Amino acid sequence: MLKAVILIGGPQKGTRFRPLSFEVPKPLFPVAGVPMIQHHIEACAQVPGMQEILLIGFYQPDEPLTRFLEAAQQEFNLPIRYLQEFAPLGTGGGLYHFRDQILAGGPEAFFVLNADVCSDFPLSAMLDVHRHQPHPFLLLGTTANRTQSLNYGCIVENPQTHEVLHYVEKPSTFVSDIINCGIYLFSPEALKPLRDVFQRNQQDGQLEDSSGLWPGAGTIRLEQDVFSALAGQGQIYVHLTDGIWSQIKSAGSALYASRLYLSQYQLTHPERLAKHTPGGPRIRGNVYIHPTAKVAPSAVLGPNVSIGEGVTIGEGVRLRESIILHGATLQEHTCVLHSIVGWGSTVGRWARVEGTPNDPNPNDPRAHMDSESLFKDGKLLPAITILGCRVRIPAEVLILNSIVLPHKELSRSFTNQIIL
């Protein structure tokens, strides 16, 4: 028997994902046509012996999250529950706080997945490694170049046994080109070190509430408090993957993740990819079109385009490397490149919306998305263009490398600006 835990965080995070996270919790943002965490759930549901999937986070259980959980339970025929933290507890605090729910039924092991990663999720391969040689912690790792490795948790392994000998979260100098993917397989014994951290935090706390517990004792960081402390003690091992992987920290990285997932659909979900049909729009590369979308036959779509529910695409529209969200309208002959068009937004005829991609170096197979910064020297850096919810772009307007907050109606062109 197996379980899976997906760590979805909370509303105090994801500031780089704004304004998109204003409308839905970031884990529900559509990537390649489905909510971000549905990719995680699909992967977990395919593992033989999976009995339950738990989501742990600090989001309020609002209507979109409740609807998603109900639909996911029906689609995958698995119990899928959301466990809300009483406060932000870090990457490990929620695991310890809800340990009874995780261990209920006696699972042999449980997967732990960060919600903000894109991957092909080699969970079955990790399970095979664990069953061949059980250990409390198994981490999924991949390689990065020397410069980018500083932005991740770095792993020094024994190349023969794959034991993690040293772990440093975001080091200041180069440690290793093996990085932590944020995807784990834990045995039930893995919760004991979390208990030790909790008790140590409780003892070290100088402020006590009426119950005698320091309020911060429940906050546990898996990376710093557990992995770094236990490295080299024969408890943590790493499984390396050369499959797809990327973090989803910003809107630009969501576009890149959409591209990766759309490519993966050729193997996993070919039915989700649009096909070129007589009398239909011209499809170039991998494109997802929701069945309720209306697309004019003269439109040219792709590569790497995702079109959401109820979207209207007019005659002569050109779309490339973009996500068009629920209810948006692109009028005749608009051009949208490297952009995300928000829910219910309208782009007028002959308008052009274009962003600048921040893709990994195509000549470096170990390159990943850079951590994007919105500003440098007080200026907005060129990046993908984001239109918030219900933005109206009039005809023949040019929007380049800009972020338009929700419910705005523009009257002129903008370049490299945030439109408040």
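Visitor: Where is E321 found?
Guide: E321 lies in the loop between strand 20 (318–320) and strand 21 (322–324). This is a predicted model, in which local features need pLDDT of at least 70, side-chain atom pairs count only at pLDDT 80 or more, and totals for chains, interfaces and linings use all residues. Residues are numbered from 1 along each chain as its sequence is written, and side-chain values use heavy atoms, with hydrogens and water left out. Helices (H or I, at least four residues) and strands (E, at least two) are DSSP runs, numbered from the N terminus.

Visitor: Is E321 buried or exposed?
Guide: E321 is buried, with a relative accessible area of 10%. Buried means under 20% relative accessible area, exposed over 50%, and partly exposed in between (1.4 Å probe, protein chains only). The phi of E321 is positive, near 50°, in a residue other than glycine.

Visitor: And what is the phi of W350?
Guide: W350 is not a glycine, yet its phi is positive at about 65°. W350 belongs to the loop between strand 25 and strand 26 (352–354), and at 48% relative accessibility W350 counts as partly exposed.

Visitor: Which peptide bond is cis?
Guide: The bond from G302 to P303 is cis, with omega near 5°. P303 sits in the loop between strand 17 (300–301) and strand 18 (305–307).

Visitor: On to sheets. In what order do the strands of the open sheet run?
Guide: The order is 16-19-22-25-30, with 5 strands and parallel pairing. Two strands pair if DSSP finds at least two bridges between them. Strand 16 (294–295) and strand 30 (392–393) each have a single partner strand, so one side of each is left without a neighbour in the sheet.

Visitor: How many bridges join strand 25 and strand 30?
Guide: Strand 25 (residues 346–347) pairs with strand 30 in the parallel sense over 2 bridges. V347 stands opposite I393 of strand 30.

Visitor: What about strand 9 and strand 10: parallel or antiparallel?
Guide: Strand 9 (residues 153–157) and strand 10 (residues 164–169) are antiparallel, with 5 bridges. E157 has V164 in strand 10 as its bridge partner. Their hairpin has 6 residues between the strands, and H162 in the hairpin takes a positive phi near 65°.

Visitor: Back to a loop. What does the side chain of E85 reach?
Guide: It reaches the backbone nitrogen of L89 at 3.4 Å. E85 is in the loop between strand 5 (80–84) and helix 3 (90–97), and E85 is buried, with a relative accessible area of 8%.

Visitor: Which residues of helix 7 are buried?
Guide: In helix 7 (residues 222–230), L222, E223, D225, V226, F227 and L230 are buried. Helix 7 is followed by G232, with a positive phi near 85°.

Methods. A polar contact is a pair of N or O atoms within 3.5 Å; within protein, one must be able to donate a hydrogen and the other to accept it, and residues adjacent in sequence count only if both atoms are side-chain atoms.
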